[in-house]
Amino acid sequence: MKKTLDSNSARTARPGVTRRRFSVGAGAAGLLAGTAPFSIGRAQGAALKVGVLLPRSGVQAGIGQDCQRGVEIAAGVLKDLGLPDLAIMNGDTESNVEVSRSRAERLISEGAQLLVGAFDSGHTTAIAQVAEQKGIPFVINIAAAPPITEQGYKFVFRNFPTAPMIVGDAFTNQKEVFELAGSAPKSVVFMHVNDTFGTAMKNGFGAAMPKFNMPYTMAEQIAYDPAARDLSVELAKAKATGAEALLVVSRLNDAILLTRELVKQRWTPMAVLSVGPGWYEDQYLKTLGKLSDGPMSFVPWYDPNKKVSKQLEAALAKAHPGINLNTNHIYTFEALLIAADAYKRAGSTDPKALADAIRATNITDNVSIGPGIKFDAKGQNATLKNAAIQNRDGKLVTVAPKAAASAKVEWPLAAYDKRT
Amino acid sequence: MPADIYLNVAVSGLLTGLVYGLMALGLSVIFGVVRVVNFAHGEMMTIAMYLAVALFANYKLDPLVMMVPIAVVLFVLGYLMQRGLISPFINRPEHSQFMLLVAIALIMVNGLLIVFGPDAQSVQTSYSYDSFMVGRLIVDATKVYAGAAAVAVAAALFAFFRFTLIGKAIRACADNYAGALVVGLNVKSLYALTFGIGAACVGAAGAMMAVLVDVTPPLGPAYTLLAFVIVITGGLGSMPGALLGGLLIGITEALGGLFFTPSAKSMFAFGLLVLVLLFRPQGILGKRPS
């Protein structure tokens with residue numbers, strides 16, 4: 001009996017869980033949202049140590065891992081091109097800006113002599129600040145926000161078009177597609193992710209659209225969270241505008257969610273015009289099967305006729321059968337190509353010598369569309385060009401520009417409820 | 001904007017809110033009885049979602065059909081967690097309990113990352129893309145099924161606590177801990193049972209949620225936070241309050257996104273929470289502290 005009373009006293013004596021403590025705890029639990037696994041680093045011999053920062057986990061993990069395929073197939077192709085070995089040190093940005101910054105610092109402290117990454121404009125901006133501060137060259141694989149190369153940085157180089165370049169090319173290619181199709185939407189609803197990339201693209205659209213005399217008007221702009229788990233409200237709002245076509249700037253997961261909602265809400269627009277990633281990714285094609293057919297992406301792409309493109313296609317087919325070569329692979333590969341080429345010419349791992357060598361880059365034997373890789377005074381390759389690609393039976397075909405087209409455009413979008 | 005869109009969005013929010021409510025019900029049951037705040041609640045739901053995904057991927061078992069077995073698995077997990085890990089912390093300060101459950105949550109998130117990887121995984125049932133059309137109202141079939149299942153599970157739970165002896169004993173522990181000991185109730189076992197029941201609720205909610213959203217390991221902390229918002233809004237320790245909180249948050253998010261900007265729809269849920277804390281600090285259906 002005594003024991004019972006004692007334990008009872010202890011029980012009743014402990015301070016109660018108050019609402020305030022509960023709420024403080026709840027807030028602290030929210031901090032957990034940014035946690036994820038540690039990255040793994042490795043290095044080899046005297047090769048140039050390249051820290052590759054990608055979103056390997058978190059909401060952009062699918063795309064980050066797709067970029068990683070570009071890293072995996074690079075070694076063999078670079079060797080065939082007579083370029084020196086690179087020792088890859090992997091870093092995971094966890095789809096988070098703050099983690100990107102700390103991972104960049106960690107890779108540099110672990111000996112990375114050059115950084116490559118990081119797919120997302122927000123993450124890339126954070127890494128660029130670290131690279132510049134530490135004086136380590138940073139070659140951007142994918143990131144379109146213009147300010148990154150407008151800061152006067154000396155160690156940051158971007159071989160990827162800026163948002164205005166992508167938007168300008170997208171409008172040009174869209175007009176070509178409309179001409180080939182013989183019709184055009186009179187209105188579009190513009191849906192975009194509200195991250196750094198999405199906002200930069202939205203601003204790009206606003207600035208460029210009046211100059212291109214597009215045949216459509218923009219019925220409404222709808223911004224949404226790239227980490228959203230449900231986009232039913234967003235799509236309902238888009239459908240209610242009565243727009244004929246959907247213009248999107250998205251990521252992978254939200255592209256899948258939007259397609260599901262198009263089917264569930266029984267709306268087949270005349271076309272889905274994507275200016276950015278998501279709709280052409282292999283995971284999109286595999287997850288949605290027949291429902292993935294039809295959307296067009298106006299994106300930085302590769303020239304299938306270039307020699308290195310064929311080498312990359314072969315390497316990817318061998319390493320990852322069934323995966324289509326895409327922007328993620330191409331631009332990640334080209335970032336490593338730039339690093340290896342600069343290392344060869346610099347003959348040194350000294351960061352300044354490497355940066356000077358990158359600044360003097362002039363690679364014509366490359367993959368992306370355009371004359372080749374060279375950087376302007378801001379560290380930007382301003383000669384890159386886009387293509388219009390369309391999903392067709394789980395494959396990607398180029399429909400514009402006409403010179404690079406591999407198939408005729410299918411127009412309008414086939415009704416989602418009539419696909420078997 | 002056509003009028004029917006408001007009804008479409010409200011119904012969608014209501015159905016999602018039912019599943020939210022069931023998830024939060026588990027948290028409320030555990031807190032109401034054991035007085036321990038389960039900071040691993042969302043992570044436990046993510047485990048249930050992965051179980052649903054794995055069963056579907058390997059055996060084509062529908063998550064809604066597997067809801068009961070998954071709830072049983074989570075019940076066992078919750079029961080063992082309470083007996084083995086949480087019970088020794090019952091009389092310790094709250095910060096010790098908090099750290100314990102945060103550690104468990106982290107282990108769960110990283111364990112899921114190791115086992116399943118970071119890619120989003122989904123369940124594509126035969127009805128994944130179905131919708132019902134009633135006049136101009138279009139309702140997502142998966143949300144209807146999940147919402148109906150949530151109502152059924154919540155009703156069963158209410159009946160359990162109201163009509164069974166064990167349910168009454170658990171309520172006695174919650175109402176008067178000393179009294180429960182005096183009349184000879186095995187409180188330790190009842191606490192473990194309660195934790196198991198709370199975990200089973202979240203297991204059932206996870207199975208339903210698996211047909212609604214893609215699952216990734218980092219979802220856990222987000223759902224833990226959401227569950228807290230719901231139970232604080234509805235009233236800590238109140239079962240009807242948890243369900244009401246779920247409905248309110250679901251509808252608020254949906255209509256907030258429609259009337260204002262969708263990218264800020266979570267803001268409206270937190271706005272509702274702030275209003276409740278200001279004007280009814282005990283929550284809508286919570287009891288005012290005596």
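The model is a predicted one, in which local features need pLDDT of at least 70 and side-chain atom pairs count only at pLDDT 80 or more, whereas totals for chains, interfaces and linings use all residues. Residues are numbered from 1 along each chain as its sequence is written, and chains are lettered from A and ligands numbered from 1 in the order in which they are written.

Chain A contains an open sheet of 5 strands in the order S2-S1-S3-S4-S5, with parallel pairing; strands (E, at least two residues) and helices (H or I, at least four) are DSSP runs numbered from the N terminus, and two strands pair if DSSP finds at least two bridges between them. The edge strands, each pairing on one side only, are S2 (86–92) and S5 (156–158) of chain A, and the twist from one strand to the next averages 25°. Strand S3 (residues 114–117) of chain A runs parallel to strand S4 (residues 138–140) of chain A and is joined to S4 by 3 bridges, with Gly117(A) standing opposite Ile140(A). A cis peptide bond, with omega about 0°, joins Gly117(A) to Ala118(A), and Ala118(A) is found in the loop between S3 and helix H5 (121–134) of chain A.

Positive phi values occur at Arg266(A), where phi is about 55° although the residue is not a glycine, and at Asp393(A), also not a glycine, where phi is about 50°. Arg266(A) is partly exposed because 13 other C-beta atoms lie within 10 Å, whereas Asp393(A), with 10 C-beta neighbours inside 10 Å, counts as exposed; by this count, with C-beta atoms placed from the backbone, 20 or more others within 10 Å make a residue buried, 12 or fewer exposed, and numbers in between partly exposed.

In chain B, the axes of helix H2 (residues 41–59) and helix H4 (residues 94–116) come within 9 Å and cross at roughly 25°, so H2(B) is roughly parallel to H4(B) (angles under 35 degrees count as roughly parallel). Val213(B) lies in the loop between helix H8 (187–212) and helix H9 (219–234) of chain B, and Val213(B) counts as buried because 20 C-beta neighbours lie inside 10 Å.

Note on methods
Axes are lines fitted to C-alpha atoms, for helices over the stretch in contact, and angles run from 0 to 180 degrees between N-to-C directions. Angles under 35 degrees count as roughly parallel, over 145 as roughly antiparallel, 65 to 115 as roughly perpendicular and the rest as oblique.
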